[in-house]
Amino acid sequence: MDLIALALVAVAVMAVVVLVRRGRRPSKPAAAPPRGDDGVPTFRVVTLGPRGSGKTLLLASMYHQMQTWGGRGYFLAAPREQVALLNHWFTEVEDPGRDWPAGTATADTREFAFDVRTRGGSGGLHTVLKLVYLDYAGALLTQPPEPGSTLWKDLDDRIEAADALVAVIDGHRVRQWIDGKREGRMGLQHALTAMISRMLVVEKPVTFVITKWDLLRDIDVDEDSRLRTVRKLLMSNQGFRDLVQEHSGRRVVRLVPVSAVGPAFAELDESGAMTKLPDGLLEPTNVDVPIAAVVPDVFEQIMLRLDQAKLAAEFDRLRRQTRRPPGEAFADLGATLIRSTNRVIGALNPIYSSLVGLAAADLIRRQEQTAAAHEANVSRLLDDAESHIEEFQLAQRKVIREFRSRVDVLEGRLSSSRLGGTP
């Protein structure tokens, strides 16, 4: 974890060194997230979950919380028509006199384009990353489309092209299962099987989101114990267990509890439906984590998939080329190692390849140097590049570092949230 955190802090620095000292783009493209027309990296997220699991509520609550600063160093912006829709959903959520927002229709794939924006040193706003968020209808997972429909193929294609996946688990079904109700166990098992059958064939970072977490607040003594109980329950599903155990060495898998409304806003009525309280208090929990985890998890998964022998050989080659500027050398190392993981999804992004190169070099240094020497070496490298930093790269580095910090805080508080990959 320290390795990835360090690399995330330094990634923008290395990217600037590449651009300033080389003055040109590398001649051979390597794998990276695609870049928009403005050159800002775009990360694609596909969200899956059964009907009624709370995907729409999660999205509405997430955007409502993240569309302003809210104590963070960044916020999300979206096209006006999408902002209007998201705010309309949230108004439906928070109004105790209105029904919950309607779910996604089977043929209606919802795509939202979020700009991650922050303020630079001069006070100007910068869009430093883009997130494309695809929300699929829950019925499409569990019910076959009409004959001749291309909906399933489109879903599979989108999953293949995604950078990260979010799988929504209905906390109400978890509650029912824990309470011994057959419909909870059967519904959850069916939903898990439908989602995981598509996830097993692609190696993407996955965040399993448990919605309606407030319904589970009484099942154990503290939150991490509750999460551990739910984790044990989910591991009884063959597909979930295979995804965690078989992919754990090369895939980032998380289990994140969220509540779009909080523990004092709604309750289960006698029929088992979620009913809003007349004077309920809206307090969303962890709704920002699935978005914050995307970028650091994509970077970390590249590191997990690196062949260690290849890594050592490439670093030896790097050390022999002492006359090359450090930024240029790390970017070249990263591009080479990315190609070795067979990730071919877009044109070279200097930020992406520099991250991998720096993280790889840092891994080898850890094996060769004392902690003190290691820190001095990294500090020297950063100081050497600092004079080349422009405002945009500084802003980008700040946001990536804050993403990583948000995930670290969650893992520190809920150790059971990490299912696969290097903890």
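**Reading the packing**

Q: Which residues does Asn 237 touch, leaving aside those up to four places away in sequence?
A: Look for contacts, meaning heavy atoms within 4.5 Å. Here Asn 237 touches Gln 189, Leu 192, Thr 193 and Ile 196, when residues up to four places away in sequence are not counted.

Q: Before we go on, what should I know about the model and its numbering?
A: This is a predicted model, in which local features need pLDDT of at least 70 and side-chain atom pairs count only at pLDDT 80 or more, while totals for chains, interfaces and linings use all residues. Residues are numbered from 1 along each chain as its sequence is written, and side-chain values use heavy atoms, with hydrogens and water left out.

Q: Where does Asn 237 lie?
A: Start from the DSSP runs, numbered from the N terminus: helices are H or I with at least four residues, strands E with at least two. Asn 237 lies in the loop between helix H8 (223-234) and helix H9 (238-247).

Q: Is Asn 237 buried or exposed?
A: Compare its relative accessible area with the cut-offs: buried is under 20%, exposed over 50%, and partly exposed in between, with a 1.4 Å probe and protein chains only. Asn 237 has 4% relative accessibility, so it counts as buried.

Q: Which residues of H7 are buried?
A: Helix H7 covers residues 182-199, 18 residues in total. Its buried residues include Gln 189, Leu 192 and Ile 196, which are also among the residues that Asn 237 touches.

Q: How many residues of strand S5 are buried?
A: Six of the six residues of S5 (residues 164-169) are buried, so the strand is largely enclosed by the rest of the structure. Check each face in turn: Ala 164, Val 166 and Val 168 cover one side, and Leu 165, Ala 167 and Ile 169 the other, all of them buried.

Q: Which strands pair with S5?
A: Two strands pair if DSSP finds at least two bridges between them. Strand S1 (residues 42-48) runs parallel to S5 over four bridges, with Leu 48 opposite Ala 167. Strand S6 (residues 206-210) is also parallel to S5, joined by five bridges, and Ile 210 in S6 is the bridge partner of Ile 169.

Q: What does the whole chain look like in numbers?
A: The protein chain has 16 helices and ten strands. Of its 423 residues, 54% are buried. Among contacts with a separation of 6 or more, 76% come from residues 24 or more positions apart.

Definitions and conventions. Expected span 1.5 Å × (residues − 1).
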